[in-house]
Amino acid sequence: MATEMRLYRVTVIGSNAERQRGKVADEVTVKVGTKWLTDDRGCRYYKAPSEDANRNPYFQQNTMYCMDYRLYQTEQAAKDYHRQAELLMSLRRAVGDFGFNAPLTVLEKVMDTLKEGGCLK
C-alpha cells in the first residue's frame, strides 16, 4: 500500500494549465509509490525533487508533451513561485517600456540593486 501526503499543486508559469485555470495552488493528496508521486487526478511526478530559483524543492510532472504542474511541500513555497513570476514579468515590462532611453540615474539604481541581491558580480 502506498503512503499518502499533502502537497500543493501549482500551475507552471506559461503552461496551458495556467492559461486555462490561472495561477492556482491547490492542496492535494499525493500517493507515494516506489517510482512516482501520483496526485488525485492520476498525474505522475518524479519522486526526486528539483529546486526552483527560490531554493524551494518541488516535484516536476512526468509527461512527454507538457509540464503543466509542480508539487510543492508548503503553501508558502507555492506562493513564492507565483510571486517570483509576477515580479519577473513586471520587471520585463518595465525594461521594455524604458527601451534604451532609461535615464542614467534609474539604470544605476537598478544595477546597484541587482548587485546587492547577488544577481550580478
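Two strands pair if DSSP finds at least two bridges between them. The views below show a predicted model.

View 1. Seen here is an open sheet of 7 strands. Their order is β4-β3-β2-β1-β7-β6-β5, and the pairing is antiparallel. The edges are held by β4 and β5 (50-51). Each of these has a single partner strand, so one side of each is left without a neighbour in the sheet.

**View 2. Strand β1 between its two partners.** β1 covers residues 3-11, and β7 covers residues 69-72. The two run antiparallel and are joined over 4 bridges. Along this pair, Tyr8 faces Tyr72 of β7, the two standing opposite each other. β1 also pairs with β2, which covers residues 25-32. That pairing is antiparallel too, with 8 bridges. Here Thr3 stands opposite Val32 of β2.

**View 3. The β2-β3 hairpin.** β2 and β3 form a hairpin, with 3 residues between the strands. Their antiparallel pairing rests on 2 bridges. Lys31 stands opposite Thr38, a residue of β3.

View 4. Asp39 sits in the loop that links β3 (36-38) to β4 (44-46). Is Asp39 buried or exposed? Its relative accessibility is 5%, and buried means under 20%. Asp39 therefore counts as buried. Its side chain makes two kinds of approach to the backbone in this view. The backbone nitrogen of Arg41 is reached at 3.0 Å by the side chain of Asp39. The backbone nitrogen of Cys43 lies 2.9 Å from a polar atom of that side chain. Which residues does Asp39 touch, leaving aside those up to four places away in sequence? They are Arg9, Thr29, Val30 and Tyr45.

**View 5. The nonpolar cores.** The largest nonpolar core has 10 residues. They are Leu7, Ala17, Val28, Val30, Val32, Leu37, Tyr45, Phe59, Tyr69 and Leu71. The elements giving two or more residues to this core are β2 and β7. β2 gives the most, with 3 residues. Another core, of 8 residues, lies apart from the largest one. Among its members are Tyr8, Val10, Ala78 and Tyr81. Val30 and Tyr45, both in the largest core, are touched by Asp39. Val32, also of the largest core, stands opposite Thr3. Tyr8, from the other core, stands opposite Tyr72.

Key. Residues numbered from 1 in each chain as written. Predicted model: local features only at pLDDT ≥ 70, side-chain atom pairs only at ≥ 80, totals over all residues. Heavy atoms only, no water. Buried < 20%, exposed > 50% of the residue type's maximum accessible area, 1.4 Å probe, protein only. Polar contact = N/O pair within 3.5 Å; in protein donor to acceptor, adjacent residues only side chain to side chain. Contact = heavy atoms within 4.5 Å. Core = buried A, V, L, I, M, F, W, Y, C linked by side-chain atoms within 4.5 Å.
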